[in-house]
Amino acid sequence: MASILGFRVRNFRALKDITFGQLWNAREKSDPLTPLTAVIGKNGVGKSTLFDAFGFLSDCLRLGVEEACDQHNRGGFDRIRSQGSSDPIEFAIYYREDERSRPITYEVSFDTDNVGRPFVKSERLRQRRANQSRGWPFSFLILNDGKGVAWRGDSFGISLQDENELTLEQLLAKSDEESPDTEVVEMDDIRRLGIATLGSLRQHPRISAFRRFIEGWHLSYFTPDAARSLPLAGPQRHLNVHGDNLGNVVQFMEREHPRKFREVLSAIASKIPGIDAIDTHRTEDGRLLLRFNDASFEDPFFAQQMSDGTLKVFAYLLLLEDPSPPPFLCIEEPENGLYHKLLDALAHEFRTHARSKGRGSQIFLTTHQPYLVDSLGPDEVWVMEKGGDGFSTIRRASDDPLVQNMINEGLPLGGLWYSDYLDVR
């Protein structure tokens with residue numbers, strides 16, 4: 001299962017410069033992100049911005065950087081670049097395709113051209129050689145302003161040290177001399193990511209794998225009102241970001257995985273208080289209704305009549321039962337509308353899924369609910385705060401010796417946060 005080991009953001013709104021997890025070139029050694037990771041913090045510290053950083057990268061791949069800047073009310077490049085900064089927006093992802101593969105670093109930066117339009121300023125993909133455990137990694141994709149070089153197959157190019165000392169022309173000449181697998185690249189659209197184009201070519205398997213990884217990300221902005229809509233009948237494979245195709249996903253599972261579907265609905269129903277069974281009902285005009293059977297009543301209730309909490313729990317559990325789960329699943333504030341005693345069970349479901357080798361998703365949450373934090377370990381929780389300069393900072397809860405000692409003594413993490421022990425002292 002592909003997973004993110006670390007993530008760095010620079011000049012993206014309140015995220016002036018933060019490192020989240022492990023990077024190959026970090027000055028201070030840090031452990032990689034856990035399968036289940038949660039970010040906590042007060043209102044306005046940047047949790048939603050970090051969530052949107054993942055969404056922005058995903059949109060850049062799907063739509064291009066210019067369109068991504070205008071999605072989800074971002075307001076354009078100048079609105080998302082950190083206030084007072086004229087430097088490029090930069091992202092770095094340190095990830096690995098599976099537990100046996102060597103980690104890969106992807107670095108990308110965005111800036112504006114001479115007429116103020118955003119474009120992809122640079123892209124890098126790097127990996128150490130098979131027999132290399134330390135030292136400089138070797139690049140297999142280098143792009144500056146849409147021009148550069150890529151190495152086909154599993155071949156490697158030039159070390160980072162050499163790359164930093166050579167001009168692009170020297171780099172192209174050197175790579176052409178030393179490697180028969182070199183491919184000179186010139187993008188015809190500098191507002192689209194190079195990995196979007198090269199990742200569609202069979203001769204670039206590592207770039208293709210990384211492209212598929214980001215394409216598979218799922219960011220959940222689930223809203224119960226959207227899930228209460230009446231979609232036209234027709235199966236759909238995956239739940240969308242707002243959840244308004246909830247009934248269609250149920251129909252897909254019912255059609256394509258009937259046996260598994262009955263097991264899933266039975267399992268989900270057993271985890272939602274008062275629900276005996278869940279199924280679908282097709283109306284005469286071709287629309288699909290999601291139907292819940294309450295143990296206390298003879299007649300079923302439709303999704304339009306169910307509580308926000310019931311619909312949210314159902315949607316999250318359905319996400320976890322996806323036959324082809326996303327490699328990276330982001331959920332913002334899953335606790336909203338849920339009874340607090342359900343949060344421990346929900347955290348358990350998230351962790352079980354995230355740790356399931358071969359069929360799980362790496363899960364990233366943002367939350368401000370102490371009851372949910374109580375169910376998490378200090379290595380799974382990152383604390384985000386606003387620094388004196390107005391920009392966000394982030395640190396892992398387990399990095400604080402006092403917090404770790406109190407956890408070892410049996411004190412709940414959410415209770416410590418509620419009592420301000422996780423704030424900077």
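This is a predicted model: local features need pLDDT of at least 70, side-chain atom pairs count only at pLDDT 80 or more; totals for chains, interfaces and linings use all residues.
Colleague: What does the protein chain contain, in helices and strands?

Modeller: The protein chain has 15 helices and 17 strands. Of its 425 residues, 54% are buried.

Colleague: How many aromatic pairs does a search of the whole structure find?

Modeller: The search gives 23 aromatic pairs. One of them joins Phe-51 and Tyr-221.

Colleague: How do I read such a pair?

Modeller: Two values describe a pair of aromatic rings: the distance of the centres and the angle of the planes. For Phe-51 and Tyr-221, the centres are 5.3 Å apart and the planes lie at 80°. Planes over 60 degrees apart count as edge-to-face, so this pair is edge-to-face.

Colleague: Which parts does the pair of Phe-51 and Tyr-221 tie together?

Modeller: Phe-51 belongs to helix H1, residues 47-63. Tyr-221 sits in the loop between strand S10 and helix H8. The pair therefore ties together parts 170 residues apart in sequence.

Colleague: Is Phe-51 buried or exposed?

Modeller: Phe-51 is buried, at 1% relative accessible area. Tyr-221 is partly exposed, at 22%.

Colleague: What about the rings of Phe-56 and Phe-91?

Modeller: Their centres are 5.9 Å apart and their planes meet at 35°, so the pair is tilted. Phe-56 is in helix H1 and Phe-91 in strand S4, 35 residues apart. Both Phe-56 and Phe-91 are buried.

Colleague: Where does the charged end of Lys-16 sit?

Modeller: Over the ring of Phe-391, 5.9 Å from the ring's centre. Arg-206 lies over the face of Phe-140, 3.9 Å from that ring centre.

How values were computed. Residues are numbered from 1 along each chain as its sequence is written. Side-chain values use heavy atoms; hydrogens and water are left out. Helices (H or I, at least four residues) and strands (E, at least two) are DSSP runs, numbered from the N terminus. Buried means under 20% relative accessible area, exposed over 50%, partly exposed in between (1.4 Å probe, protein chains only). Rings of Phe, Tyr and Trp (its six-membered ring) pair if their centres lie within 6.5 Å; planes under 30 degrees apart count as stacked, over 60 as edge-to-face and the rest as tilted. A charge sits over a ring if NZ of Lys or CZ of Arg is within 6 Å of the ring centre and within 35 degrees of the ring normal.
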